Amino acid sequence: MAAPLWPLHGVNLGTLLRTCDAVGACLAVPRFPWVPEALRRGNTLRRPACVHWVHDPPGWLARERAAGTKVVGVELAEEAVRLGDLPAARGRTIAVLGHEQTGILPEALDLLDSVVEIPMVGTGASLNVAVAGSLVLYKLAGLL
């Protein structure tokens with residue numbers, strides 16, 4: 001499951017929704033007023049997409065983790081695993097994607113089981129949430 005819980009740009013959500021469909025995953029999104037329209041506009045799928053609506057991201061992550069779901073954050077961190085070394089998921093897994101400018105909120109960082117980073121050689125500090133999420137979802141699905 002991809003979880004862009006603090007999205008900045010709506011266009012990225014539609015792109016990530018299509019990636020979720022491609023790898024057999026669901027999308028978890030916050031109930032921001034603009035998110036339903038962003039998903040509707042970006043959804044080019046011919047069938048209904050799997051979308052979970054999250055009202056309280058930290059609380060939802062804590063409940064999922066307590067239920068045995070592995071929670072992987074996509075974030076720059078000292079203890080992060082390189083994307084190339086990330087093993088395929090062996091059970092229910094959530095890939096948490098932070099805000100494109102500020103990352104994963106501090107109160108959610110303690111809820112992560114592990115962190116993965118996407119190596120970059122250019123001068124940019126991050127990829128947009130759709131690109132980062134797509135790379136991580138394909139790796140977790142065992143398709144890369």
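This report covers the nonpolar cores and the cysteines of a predicted model.

## The largest core

The largest nonpolar core holds 25 residues. Within this core, Leu-27 and Val-136 touch the most other members.

What does Leu-27 contact, leaving aside its neighbours within four places in sequence? Its partners include Leu-13, Leu-16, Leu-17 and Cys-20. Leu-39 is also in contact with Leu-27, as are Ala-2 and Pro-4. Cys-50, Val-51 and His-52 touch Leu-27 too.

## A separate core

Another core lies apart from the largest one. In soluble globular proteins, nonpolar side chains tend to be buried together.

## The disulfide

The whole structure contains 1 disulfide. Cys-26 and Cys-50 form it, with sulfur atoms 1.9 Å apart. The torsion about their S-S bond is about 85°, so the disulfide is right-handed.

The bond links distant parts of the chain. Cys-26 sits in the loop between α1 and β2. Cys-50 sits in the loop between α2 and β3 (51-54). The two are 24 residues apart. Cys-50 counts as partly exposed, because its relative accessibility is 34%.

Cys-20 is in no disulfide. The nearest cysteine sulfur belongs to Cys-26, 7.4 Å away. Is Cys-20 buried or exposed? Cys-20 is buried, because its relative accessible area is 1%.

Methods:
Residues are numbered from 1 along each chain as its sequence is written. This is a predicted model: local features need pLDDT of at least 70, side-chain atom pairs count only at pLDDT 80 or more; totals for chains, interfaces and linings use all residues. Side-chain values use heavy atoms; hydrogens and water are left out. A nonpolar core is a set of buried Ala, Val, Leu, Ile, Met, Phe, Trp, Tyr and Cys residues joined through side-chain atoms within 4.5 Å. Buried means under 20% relative accessible area, exposed over 50%, partly exposed in between (1.4 Å probe, protein chains only). Contact means heavy atoms within 4.5 Å. A disulfide is a pair of cysteine sulfur atoms within 2.5 Å. Helices (H or I, at least four residues) and strands (E, at least two) are DSSP runs, numbered from the N terminus.
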